[in-house]
Amino acid sequence: MTDQPRRRRPHTPNRPGKPYRRPQKDPVRILAFEALRAVDERDAYANLVLPPLLRKARESAETGGPRFDSRDAALATELVYGTLRHQGTYDAIIAECVDRPLREVDPPVLDVLNLGAHQLLGTRIPTHAAVSASVELARVVLGDGRAKFVNAVLRKIATHDLDGWLERVAPPYDEDPEEHLGVRHSHPRWVVSALWDALGGGSAGMEELLAADNERPEVTLVARPGRSTPGELLDAVGDQSAEPGRWSPYAVRLTEGGEPGALEAVRDGRAGVQDEGSQLVAIALANAPLEGDDRRWLDGCAGPGGKAALLAALAAGRGASLLAAEKQPHRARLVAGALAGNPGPYQVIAADGTRPPWRPESFDRVLVDVPCTGLGALRRRPEARWRRRPEDLEGFAPLQRGLLREALAAVRIGGVVGYATCSPHPAETRAVVEDVLKGRGGAAVSAEWIDARPLLPGVPELGDGPDIQLWPHRHGTDAMYLALLRRTG
C-alpha cells in the first residue's frame with residue numbers, strides 16, 4: 001500500500017492548533033462596503049448606489065437569504081453616509097495608527113478601516129463588537145492576512161474616543177484655523193476656505209455650518225399646488241412622523257424618516273421629494289412682480305425635474321405654460337416623468353441652454369439652475385466634498401455664464417430671470433451675475449437686480465440682498481443661491 005501524505009487541518013494564522021473558522025458574512029457591513037467601493041471606484045453617488053443595494057438585500061431575505069429587515073437597512077445607511085461624511089477626520093486618525101503614508105494603504109483596506117472607525121467613534125456600537133465585526137468583514141472581503149492589519153489598526157483607534165483623537169490630530173485653531181476646522185469637521189481645506197469667504201464672520205458660524213453639513217438631512221416633500229396639499233400629505237404620513245415645512249407653504253418634513261414612495265400622492269406624481277431650499281427658489285421666481293403677459297415660462301436646466309414640476313404646477317394655476325429644457329436626454333426623461341400628469345400645458349425637450357432652439361425674447365419668466373460644484377448639498381452628497389477640486393470652479397465658470405446670458409436673451413424686456421445654484425461659493429454665485437451684467441467675457445446685458453428677499457416672507461437671515469443665500473445651519477435647507485434679474489433692454 002502506497003504511503004499517502006497526511007492531510008493537515010487548516011489553521012488560523014498565528015493560532016497554531018486552533019481549527020480554521022470560516023469568516024462570518026454580515027450582510028449589513030458587506031452592503032456598506034460595496035457601496036463605499038462603488039463611490040470610490042466608479043465615482044458613484046451614495047444616494048444612487050444605496051437604494052438598489054438595499055432593495056436587493058431585502059429581496060434576498062424574502063427568498064431565503066440572510067435576514068435583512070428595516071433595522072438592518074437603517075444601520076447600513078448610517079454606516080455608508082456616516083463614513084462618507086466623516087472620512088476626512090477618520091483618515092487623519094487612521095494616518096496616526098499606520099506605519100506608512102495613507103496613500104500607500106490599498107483603497108479597499110482603507111474603506112474597511114473607515115467603516116470600523118465610524119463604528120468606534122461615531123456610533124454607540126460597543127467597542128468589542130465594532131472591532132470584531134470589522135475584522136470579520138475584512139476576512140470576507142480582503143482575506144485573513146489583511147484582516148490582521150485591520151485588527152491592529154482598529155485596536156489602536158479604540159484607545160481614544162473621538163474628542164481625544166481630535167485633540168491629537170487637529171492643529172490648534174490659533175495656529176491654522178482652516179486646517180483645524182477641516183480636520184475637526186471633515187471638510188477639505190479649500191472647501192472650508194471657500195465657505196468661510198461666502199459666510200463671512202467669525203468661527204462660530206463656520207463651526208455651525210460645517211457641523212450642519214455632517215448632519216443627516218430630513219426628507220422633505222413638496223405638495224404640488226393644484227394636485228395635492230400639505231394637509232393630504234400630513235394625514236397620509238401621520239402627525240407623529242411629519243410636520244409642515246418651515247418656510248415653503250407646500251413643504252412637509254418627514255421627521256422620522258420613512259419611505260416617501262409608500263405615499264400614494266408621491267407615487268402618482270402629485271407630490272415629490274424636494275429640499276425646501278429648491279422649493280423656495282421656484283416660489284421666489286413665480287412671485288416676482290411682472291407687468292404685462294405672464295403666459296410663457298422656461299426652465300432652462302430642468303433635470304432631474306423637481307423645480308420644473310413645481311414651476312409647472314404654479315404656472316398651471318395662472319393659465320401659463322412651461323417649457324422644460326434639459327441637455328442630457330436621460331435627464332430629460334426624468335423631467336418628463338416628474339411633470340407627467342400636470343394639468344396645465346407643458347413641454348419637455350432635450351436641448352442645450354447655451355445653444356437654445358427657441359427664439360429670443362420668447363418667455364416671461366426663466367429659471368436657470370446651473371450645473372455647479374454642489375458644495376451647497378454636502379449633507380445629501382457627502383462624497384462630493386472629496387471629489388471636487390478648486391480647479392472645478394474654472395471648469396464650470398464658462399457654462400454658468402453662458403447659461404445666464406442665454407436666459408437673459410430668452411426673456412422679453414420686462415421679464416424676469418432667476419439664476420440659481422446649489423453652491424454658496426462666491427465664484428459660482430454673485431461673481432457670475434456681475435460678470436454677465438458688466439459684459440465680462442461677452443456682450444453686456446441690460447438688466448437690473450430685483451430684491452428677492454421680500455418674495456420669501458417669513459424666511460429670516462437672507463443676507464444684505466438683493467440676492468438670496470440659504471444655509472443648512474440657518475434655514476435647514478441646502479445652501480441654495482438665487483439672483484433675480486429683470487431685463488431692461
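## Starting at Arg-189

Let's begin with one side chain: Arg-189 has 38% relative accessibility, so this residue counts as partly exposed (buried means under 20% relative accessible area, exposed over 50%, and partly exposed in between, using a 1.4 Å probe and protein chains only). This is a predicted model, in which local features need pLDDT of at least 70 and side-chain atom pairs count only at pLDDT 80 or more, while totals for chains, interfaces and linings use all residues. Residues are numbered from 1 along each chain as its sequence is written, and side-chain values use heavy atoms, leaving out hydrogens and water.

## How confident is the model?

The pLDDT is the predictor's confidence in each residue, from 0 to 100. The protein's mean pLDDT is 92, with 95% of its residues at 70 or more. Over residues 1–13, however, the pLDDT is below 50, and this stretch has 13 contacts in the model beyond near neighbours in sequence (a contact means heavy atoms within 4.5 Å).

## Salt bridges

Side chains of opposite charge can pair when their charged atoms come close. A salt bridge here is a side-chain nitrogen of Lys or Arg within 4 Å of a carboxyl oxygen of Asp or Glu, and the structure holds 40 of them. Arg-189 pairs with Glu-179, their closest N and O atoms being 3.4 Å apart. Because Arg-189 lies in helix H10 and Glu-179 in helix H9, this pair ties together parts that are ten residues apart in sequence (helices are DSSP runs, H or I, of at least four residues, and strands are E runs of at least two, numbered from the N terminus).

What is the distance between the closest N and O atoms of Arg-430 and Asp-467? They are 2.5 Å apart. Arg-430 is partly exposed at 35% relative accessibility, whereas Asp-467 is buried, with a relative accessible area of 6%.

## A look at Cys-422

An unreviewed UniProt entry annotates Cys-422 as "active site"; UniProt positions follow the numbering used here, feature names are shortened, and annotations may be inferred rather than shown by experiment. Cys-422 is in the loop between strand S9 and helix H19. Is Cys-422 buried or exposed? At 15% relative accessibility, Cys-422 counts as buried. Its contacts, not counting residues up to four places away in sequence, include Asp-369, Cys-372 and Met-480.

A search of the whole structure finds zero disulfides (a disulfide is a pair of cysteine sulfur atoms within 2.5 Å). For Cys-422, the nearest cysteine sulfur is that of Cys-372, 5.7 Å away.
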